[in-house]
Amino acid sequence: MKDMILKILPEIKEIRDDILKGQVIACWEEAINFRGWTEDLLMSMPFTLLAENVKITFIDHVRAVCRMCMACDDVLKDIHGQRRTPVNRDYLIAGALLADVGKLCEFEIVAGKPVKSDYGKHIRHPFSGVGLAFKHGVPSEVMHIIATHSKEGAGEKRLPESIIFHHADFIDFELVK
Ligand SMILES: [Fe+2]
């Protein structure tokens with residue numbers, strides 16, 4: 001299972017802290033087991049069921065947004081140097097990789113296809129994501145990114161890592177919806 005998770009999400013290897021890396025993998029493992037996702041199903045799951053004809057897959061969305069976050073951090077470091085607002089890169093990457101992990105609980109598999117479940121209507125993925133993260137000891141700074149990344153975080157004071165993730169996420173979302 002760990003190998004499959006690292007194969008579909010190679011960006012996990014960019015997390016320097018081994019404990020945090022293990023926590024991210026553990027959250028994905030639990031979410032995959034919750035509904036019995038297979039590698040094939042995961043790879044074909046659409047990015048969103050909110051819009052029609054979306055060709056981008058869920059996993060590619062997670063990866064693209066994680067890469068955009070790292071690229072953003074690189075640019076801010078290159079240009080602003082010491083004057084930049086400090087960003088914890090490990091927290092940024094972990095948050096980017098966990099923000100949508102709860103979607104694996106939000107969706108149900110019916111007749112071999114992912115569909116939105118009542119569970120997902122009751123507990124949107126920022127909540128199930130934080131639940132999974134809490135269980136696996138993920139630091140509060142990373143849970144903050146999961147909790148505040150979507151509309152649930154509107155009006156909240158976001159940490160720098162959450163600001164970067166939120167904007168990168170909406171770039172991908174708004175361009176494909
Ligand atoms: Fe999300």
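**Entry 1: Glu 152 and Arg 124**

I looked up Glu 152 and found a salt bridge to Arg 124, with the closest N and O atoms 2.6 Å apart. I am working on a predicted model. Next I checked where the two partners sit. Glu 152 is in the loop between α9 (140-148) and α10, while Arg 124 is in the loop between α7 (118-122) and α8, so the pair ties together parts that are 28 residues apart in sequence. I also looked up the exposure of Glu 152. Its relative accessible area is 23%, so I noted Glu 152 as partly exposed.

I reminded myself of the background: side chains of opposite charge can pair when their charged atoms come close.

I picked out Lys 135 and Glu 30, whose side chains meet in a salt bridge at 2.7 Å, N to O. Lys 135 lies in helix α8 (residues 125-135) and Glu 30 in helix α2 (residues 18-35), so this pair ties together parts that are 105 residues apart in sequence. Is Lys 135 buried or exposed? I found a relative accessible area of 56% for Lys 135, so it is exposed. Glu 30 has 26% relative accessibility and counts as partly exposed.

I also checked Lys 103. It forms a salt bridge with Asp 100, and the closest N and O atoms are 3.9 Å apart. The cut-off for a salt bridge is within 4 Å, so this pair counts. Both Lys 103 and Asp 100 are buried.

**Entry 2: α4 against α10**

I turned to helix packing. Helix α4 (residues 58-80) and helix α10 (residues 160-176) have axes that come within 9 Å and cross at roughly 130 degrees. I therefore noted α4 and α10 as oblique to each other. Their crossing is right-handed.

Which residues make the contact? From α4 I listed His 61, Ala 64, Val 65, Met 68, Cys 69, Cys 72 and Leu 76. From α10 I listed Ile 164, Phe 165, Ala 168, Asp 169, Ile 171 and Asp 172. I sorted the residues of this α4 and α10 contact by class: 10 are nonpolar, one is polar and two are charged.

**Entry 3: α9 against α10**

I stayed with α10 and looked at α9. These two helices pack at an angle of about 35 degrees, with their axes 9 Å apart. The crossing of α9 and α10 is right-handed. In α9, His 144, Ile 145 and Thr 148 make the contact; in α10 they meet Glu 161, Ser 162 and Phe 165. I counted two nonpolar, three polar and one charged among the residues of the α9 and α10 contact. Phe 165 was already in my list for α4.

**Entry 4: α2 against α5**

Last, I went back to α2, the helix that holds Glu 30. I found α2 packed with helix α5 (residues 89-98) at an angle of about 5 degrees, and their axes are 10 Å apart. I therefore wrote down α2 and α5 as roughly parallel to each other. On the α2 side, the contact has Leu 20, Val 24, Cys 27 and Trp 28. On the α5 side, it has Asp 90, Tyr 91, Ala 94, Leu 97 and Leu 98. By class, I noted eight nonpolar residues, no polar ones and one charged in the contact of α2 with α5.

How values were computed. Residues are numbered from 1 along each chain as its sequence is written. This is a predicted model: local features need pLDDT of at least 70, side-chain atom pairs count only at pLDDT 80 or more; totals for chains, interfaces and linings use all residues. Side-chain values use heavy atoms; hydrogens and water are left out. Axes are lines fitted to C-alpha atoms, for helices over the stretch in contact, and angles run from 0 to 180 degrees between N-to-C directions. Helices (H or I, at least four residues) and strands (E, at least two) are DSSP runs, numbered from the N terminus. Angles under 35 degrees count as roughly parallel, over 145 as roughly antiparallel, 65 to 115 as roughly perpendicular and the rest as oblique. A crossing is left-handed if the near helix is turned anticlockwise from the far one by less than a right angle, and right-handed if clockwise. Contact means heavy atoms within 4.5 Å. Ala, Val, Leu, Ile, Met, Phe, Trp, Tyr, Cys and Pro count as nonpolar, Asp, Glu, Lys and Arg as charged, and the others, Gly among them, as polar. Buried means under 20% relative accessible area, exposed over 50%, partly exposed in between (1.4 Å probe, protein chains only).
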